Each structure stands twice: as C-alpha cells, then as structure tokens.
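Hi,

Here is the structure I promised to pass on. Have a look at it first, and then read my notes below.

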Amino acid sequence: MNDFTFYSPTKIVFGRDAIDRTGEELAALGFTRALIVYGGGSVLRTGTLDRVKASLDAHGIAHAELGGVRPNPEITSVRKGIELARAERVDVVLPVGGGSAMDAAKAIALGACYDGDAWDFFAKRATPAQRIPVVAVPTIPASGSEASNSAVISNDAEHLKSGLNTDLNRPVLAIMDPALTFTLPPYQTAAGVTDMIAHIMERFFSGEPAAPVTDNIACGIIRAVMDAAPRVLENPEDYDARANIMWAGTLAHNGLAGCGTNVPGGRDGDWSCHGLEHELSALDTSITHGAGLAVVFPAWMRYVWREHPERFLDFAKGVFDIEAIDDTEEAVRDAVTATIDELQEFFVSLGMPRTLGELGVKEADIDQLLVGLKINKGEVFGSFKQLTIEDARAIYRSAL
Ligand code: NZQ
Ligand code: ZN
C-alpha cells in the first residue's frame with residue numbers, strides 16, 4: 001500500500017428533509033450572508049430554492065442569488081458571481097444544484113479573494129491562496145463536487161474546459177437530501193451514475209499495485225451503485241436506492257477510493273479518461289460529462305489493459321465475479337474483454353451512448369479535441385499507461 005494523505009474536511013448532513021436544516025447549519029457555523037448559486041431553473045421548478053430561502057430566512061441569514069449557471073459552467077457566470085459576492089459582502093457561497101452550480105460556486109469563492117481574473121487559476125497562471133467558504137447543497141449525485149477538491153470551468157472564447165484541484169475547493173459542509181433527486185430525468189440519473197463509477201475507476205486503474213482495503217471499498221461502491229441504478233430508473237422515487245447512489249457519489253470522489261493506490265508524488269489516480277472527456281464537453285457544451293465518460297472509458301480500457309492485466313483481473317473479480325479460467329494469455333484476454341463488455345453494456349442499459357457518433361462527434365473533430373488535450377494534459381499523460389497525443393487520437397478513433 002502506497003503512502004497517502006487523506007483529507008476530507010467536509011461535514012455531511014445527510015437524509016430526509018435535510019434541506020430544511022440549511023439555515024440552522026449555516027448559522028451554527030457563524031455565517032450571516034450567503035450567495036446562492038443555481039443552474040438553469042430545476043431548483044425553481046421543484047421548490048428546492050424556496051425551501052432553502054425559507055430556511056435561511058428563519059435563521060436570519062441574508063441572501064443574494066446568481067441563477068442561470070449552465071451545465072459545463074462558463075467563466076462569464078463565475079465573473080458575474082464574483083462581482084455579486086463582493087457587492088453583497090457575502091461570507092459563504094451556497095450552490096444549490098449539480099456539479100455545474102457547485103463548481104461555479106467554488107470558482108466564485110476563490111475569485112472573490114483574488115485581484116486578477118478568476119480564469120488565471122484555470123489557465124494555471126495563478127495559484128489560489130484564499131477563499132470564501134462554500135456550503136454545497138447537491139441536487140444530483142454525479143460529480144462528487146460536494147466533497148471534492150476540484151472545480152471544472154469552461155471558457156467558450158478560448159474553447160477550453162479546465163479543472164483546478166486544491167484543498168481550498170473542498171466545501172466546509174454538504175447538505176444532502178436524497179429526495180431532491182427524485183425529479184432527475186433518467187438521462188441525468190444515468191450520466192451521474194456513470195460519472196461516479198468513473199471516479200472510482202480512475203483511482204483503481206492508477207497503475208499502482210493492489211491495496212485490498214481500498215480495492216474492496218472501490219468495488220463494493222460500484223456494485224452497490226450498479227444494483228441501485230436500475231431501481232431508480234424503474235421507480236424514480238425509490239428513496240433507498242436514491243440515497244445509496246447519492247452517498248456513493250460523494251465517497252467516489254472525496255479521496256477515500258484512492259487511499260494507497262495513489263501514484264507516489266503524483267495524483268490519486270490516472271485521470272486520462274476525465275482529460276479525454278473534458279475535451280468532448282469543451283467541443284460541444286451540450287455533451288453531458290457522464291455520457292462522454294460512458295464512451296471514453298471502455299475505449300481507454302480496451303487500449304491500455306495489457307499494461308497491468310492483473311489490475312483488470314482484480315476489477316473483474318471484485319465487480320463482476322469474472323475470473324480467467326487459467327493464466328494463459330488467451331484466458332486473461334477473454335476475462336478482461338468480458339469485463340469491459342459487461343461494464344459498457346451496463347452503461348448502455350442505463351441509456352448512455354456507446355460511440356462518439358451518438359454524441360455528434362465526428363472523425364474531423366478529433367484534431368480540435370487534441371489541441372485542447374495538449375494544453376490541459378501536455379504531450380504525455382496518464383499513469384496506468386503513459387499516453388501520447390497520438391495514443392489519444394487512437395482512443396478517440398476507436399470510439400467513433
Ligand atoms: O441547470 P438545472 O436547471 O439545475 O438542471 C440540471 C442540469 O440540466 C439538472 N438537474 C440537476 N439537479 C436536478 C436536475 N433536474 C431535475 N431535478 C434535479 N434534482 O441536471 C443537469 C445537469 O446538471 P449539472 O450540474 O451540469 O450536472 P453534474 O452534477 O453532472 O455536473 C457536471 C459538471 O461537473 C463537472 C463536469 O465536468 C461538469 O462540468 N465535474 C466536476 C467535478 C468536481 N468538481 O469534482 C468532477 C467531475 O469529474 C466533473 O468533471
Ligand atoms: Zn467526472
């Protein structure tokens with residue numbers, strides 16, 4: 001097991017009607033002025049925003065609002081939020097929504113404490129030193145942003161989508177009410193499930209040796225999610241299944257699933273598939289992150305598995321109970337192929353795409369994908385197998 005640092009300072013308040021405790025929880029932390037950040041309007045339609053505001057009002061917490069943050073959030077809404085945060089002198093940023101609202105809120109929280117333009121952080125021209133605390137109220141289990149150290153922001157003018165990892169990005173508190181996710185459309189439910197499984201797999205396939213405690217956590221979470229996902233598609237108001245998926249989404253990305261399989265001196269996973277996917281949603285901002293991952297991850301797996309077949313066999317056994325019938329090359333290949341096939345069929349069974357074509361991405365787009373990839377990831381990236389830009393081209397092509 002590799003040496004690691006596990007830091008997950010986010011307090012979690014989880015359960016039925018947790019949303020109505022937002023004001024009480026914020027007041028307990030001493031906050032008095034909140035900037036609420038939300039997306040395209042689902043929280044208005046579902047009444048979630050009204051419940052949050054009523055709860056803040058009941059505890060004397062003043063609030064300003066920034067709505068209209070789109071999926072794959074853009075830097076212009078971050079800039080708007082920074083102005084608002086300063087004008088209103090807020091002491092907490094309170095996203096109510098998905099990864100997009102949460103990531104915009106994190107960027108606002110950093111940018112409000114910085115004299116330059118917030119994009120500097122995402123272009124890696126500046127390192128954040130301070131932030132306004134963030135309290136997250138997730139309404140979709142997917143990104144794990146409610147406890148992660150990441151924020152991912154798009155810049156349409158520069159055709160870029162870039163992530164920023166810093167512990168300053170970790171929310172101080174997450175208020176998680178699984179019933180808020182009853183209203184999720186099936187496609188977003190499925191994309192969220194895919195994303196959280198991808199967060200675990202990025203860590204599992206770091207290229208580092210097995211760490212049985214973490215491997216069991218990783219495979220156990222994936223099995224639980226695979227069990228619950230069809231149940232919520234069948235019955236969107238299955239509280240127990242929704243709750244298990246929601247908790248899984250947090251544990252998939254708060255660092256727990258990478259303890260001891262992290263790359264020494266590097267990241268807590270490989271993260272190539274996230275790099276490959278972020279270029280898809282930068283190319284076409286209507287592409288949902290999880291849907292892009294459903295295409296990219298199996299394609300990456302088929303390309304790289306020979307680097308560490310033993311890790312694929314661990315995964316095969318841990319998640320699908322698949323074993324090679326002996327240790328010949330053919331038997332290992334058959335077991336690994338069956339595993340990747342099963343995983344891909346699972347994503348497809350949820351309504352996720354199998355090919356880039358289904359996402360509207362064509363061969364002629366690949367050059368542009370590679371330009372962004374080079375800016376974000378460099379000439380060589382990945383730890384399970386070091387990939388070049390030409391390897392990335394081959395992976396994209398294999399997924400057409
Ligand atoms: O915008 P609204 O109207 O709220 O609708 C959203 C949006 O259309 C809808 N939605 C959310 N909760 C709902 C709901 N609809 C009905 N009922 C509800 N309860 O779902 C759609 C997707 O929302 P979004 O916030 O974009 O989804 P998600 O949570 O998947 O976030 C995706 C973003 O997070 C980034 C992705 O790259 C992408 O930009 N990620 C962030 C990470 C992080 N910060 O740690 C890690 C991830 O790997 C990911 O990269
Ligand atoms: Zn993700």
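This is a predicted model: local features need pLDDT of at least 70, side-chain atom pairs count only at pLDDT 80 or more; totals for chains, interfaces and linings use all residues.

**What I found**

Residues are numbered from 1 along each chain as its sequence is written, chains are lettered from A and ligands numbered from 1 in the order in which they are written, and side-chain values use heavy atoms, leaving out hydrogens and water.

**Overall build**

The C-alpha trace spans about 70 × 45 × 40 Å along its principal axes. Of the 400 residues, 58% count as buried. Buried means under 20% relative accessible area, exposed means over 50%, and partly exposed is in between, using a 1.4 Å probe and protein chains only.

**The sheet**

There is an open sheet of 6 strands with parallel pairing, in the order β1-β8-β5-β4-β2-β3. (Two strands pair if DSSP finds at least two bridges between them.) β1 (11-14) and β3 (62-66) are the edge strands with a single partner each, so one side of each has no neighbour in the sheet. From one strand to the next, the twist averages 20°. Angles run from 0 to 180 degrees between N-to-C directions, with axes fitted as lines to C-alpha atoms, for helices over the stretch in contact.

Look at β4 (residues 92-97) and β5 (residues 135-138): they run parallel and are joined by 2 bridges. Gly-97 sits opposite Pro-138 in β5. Helix α5 (residues 99-111) packs on the sheet and touches β2 (33-37), β3, β4 and β5, its direction making about 165° with that of β4; contact here means heavy atoms within 4.5 Å. Helix α9 (residues 239-251) lies across β1, β5 and β8 (173-176), at about 170° to β1.

**Aromatic rings**

I counted 14 aromatic pairs. Rings of Phe, Tyr and Trp (its six-membered ring) pair if their centres lie within 6.5 Å; planes under 30 degrees apart are stacked, over 60 edge-to-face, and the rest tilted. Phe-205 and Phe-312 are stacked, because their ring centres are 4.3 Å apart and their planes at 25°. Phe-205 is in the loop between α7 (186-204) and α8 (212-234) and Phe-312 in helix α12 (residues 309-320), so the pair ties together parts 107 residues apart in sequence.

Is Phe-205 buried or exposed? It's buried, at 0% relative accessible area. Phe-205 also pairs with Phe-315: the centres are 5.1 Å apart and the planes at 55°, so this pair is tilted. Both rings belong to one aromatic cluster, whose members include Trp-300 and Phe-384.

Arg-311 lies over the face of Phe-204, 4.0 Å from the ring centre. Such a charge counts if NZ of Lys or CZ of Arg is within 6 Å of the ring centre and within 35 degrees of the ring normal.

Most residues other than glycine have a negative phi. Asp-17 isn't a glycine, yet has a positive phi of about 60°. You'll find Asp-17 in the loop between β1 and α1 (22-28).

Cheers

Terms used
Helices (H or I, at least four residues) and strands (E, at least two) are DSSP runs, numbered from the N terminus.
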